[in-house]
Amino acid sequence: MPHLDAGYNLARWLTRNASDAEDVVQDACVRALKYIGALRDGDARSWFLTIVRHAFYDWCKRNRPSEIVRDDGTAIDLAADPMAIDPEQAASRMSDSQVLADAVAALPLPYREVLVLRELEELSYKEIARVADLPVGTVMSRLARARGLLQRSPLLHAIRGRTSEGDR
Amino acid sequence: MNCNEAATLVARYVDGEVDDLQRRTIEQHLRTCANCVAEHQAALALRDRVRAEVPYHQAPPTLRERVRAMAAEAAAAAGAPRPRPLRERWRWLISGAVAGCAATIMAWTVGTTVLAWHTNEDVAAEAVAMHVRATLNNHLIQVASSDQHTVKPWLSARLDYSPPVRDFSSDGFTLNGGRLDMLDKQRVATLVYQYRLHMIDVFVRPETAGAAPTLHTIRGFNVAHATGAGMDWLAVSDVSADVLKAFVERLARDEGAP
């Protein structure tokens, strides 16, 4: 299983929880072993990431149905995220380097997955489109939205405000 | 081009998803438009922060072990669809013995790996320090060329061995050049490759005994090692561990000069 790390990293960012990520990856491995015959010379990493993503959504339907957002434009942005972290509380307890990671974790699922596939797995737009089963244009717009949200994240601003106060 | 058009192109430019014409267009626009320059800088800064601060989670060893067992089971099931029936008692006895053997083998593997890892750790840390220094110096390249026939003679003339030099630009790994470094009190050849936006330093030295292939992460940089073609290959980069490992193993495969 050469791409286990990649699969685990994706599952970890999608579930935001270590033991759930293990469950999802294990399920994905069962499927991968079953369908390994279907993989012919293709990109094994993208193939495995696709399976992990499917395993996650199936797991999510069973365990956290509220997180799945139907995409009709604005729905993603309006969806309340039960796992999201309260910015003020978070900023007061966290070190600066954790803030960005938490801001990524707080992104709505459809944005989080393209961002993780792009920045951490470093897939190309085309590969992300294949893994996430989206048109390339949607990949690009979701990435832009994810980055916009990160840049304006109240978490980052809470920290920035605190550090500039400290400088004074 | 106006700034609206530029905005989407800036993101693609940062992601390395533009063709030559688009690259030239956006670079020209960035020379004249301060607003878009700021956008570009912000996008680069965010990308660097995300890569530096957002952790890449590696599969825990317990999961790795479970998956390995699953794969072995699947392979066994595929190879021998119907295991011969054993008497219940024997099955327990044999499985006990197998578990005992497996535990011993695992303990031994873990022990030797840890030992090998400790001896290699110093070299790996040194290699990472060198990579960081080179990056700070804007990637110090003493012989800049994407032509392997220029880089190889330059290195051989300065070393007592001749490292294999190959270009893999067709697969996205472009040879940028080479330089000399001191690694483990030894003069070594360093090949500088570029993959997308990442610099990869590959330290090449004649094979030494006792070096075990390892893969680890030091201060966010991945270090991958392989042995082959009579050489030790140590690659350091911020590119993902999977990609780096595959690349260094490919380098080490003795395919001869193309």
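Two strands pair if DSSP finds at least two bridges between them, and strands here are DSSP runs of E with at least two residues, while helices are runs of H or I with at least four residues, both numbered from the N terminus. The model is predicted, so local features need pLDDT of at least 70 and side-chain atom pairs count only at pLDDT 80 or more, whereas totals for chains, interfaces and linings use all residues. Residues are numbered from 1 along each chain as its sequence is written, with chains lettered from A and ligands numbered from 1 in the order in which they are written.

**View 1. Strands 3 and 4 of chain B form a hairpin.** Welcome to the first close-up. Strand 3 (residues 186-195) and strand 4 (residues 198-206) of chain B run antiparallel and are joined by seven bridges. Look for B:V192, whose bridge partner in strand 4 is B:D201. Two residues lie between the strands of this hairpin, and B:R196 takes a positive phi near 50° there.

**View 2. Strand 4 of chain B also pairs with strand 7 of chain B.** The pairing is antiparallel and extends over seven bridges.

**View 3. B:L234 sits in strand 7 of chain B, residues 231-237.** B:L234 counts as buried because 27 other C-beta atoms lie within 10 Å; the cut-offs are 20 or more for buried, 12 or fewer for exposed and anything in between for partly exposed, with C-beta atoms placed from the backbone. Setting aside neighbours within four places in sequence, B:L234 is in contact with B:A127, B:F203, B:V223 and B:H225, where contact means C-beta atoms, placed from the backbone, within 7 Å. The C-alpha atoms of B:L234 and B:R205 are 8.7 Å apart, with 29 residues separating the two along the chain.

**View 4. A:R130 belongs to helix 8 of chain A, residues 125-132.** Over in chain A, A:R130 is partly exposed because 19 other C-beta atoms lie within 10 Å. Beyond neighbours within four places in sequence, A:R130 is in contact with A:S46 and A:T50. A:W47 is 83 residues away along the chain, yet its C-alpha atom is 8.9 Å from that of A:R130.

**View 5. Chain A meets chain B through 32 residues in contact with 27 residues of chain B.** On the chain A side, helix 1 (4-15), helix 2 (18-35), helix 6 (96-105), helix 7 (109-120) and helix 9 (136-151) each supply at least two residues.

Note on methods
Contact = placed C-beta atoms within 7 Å.
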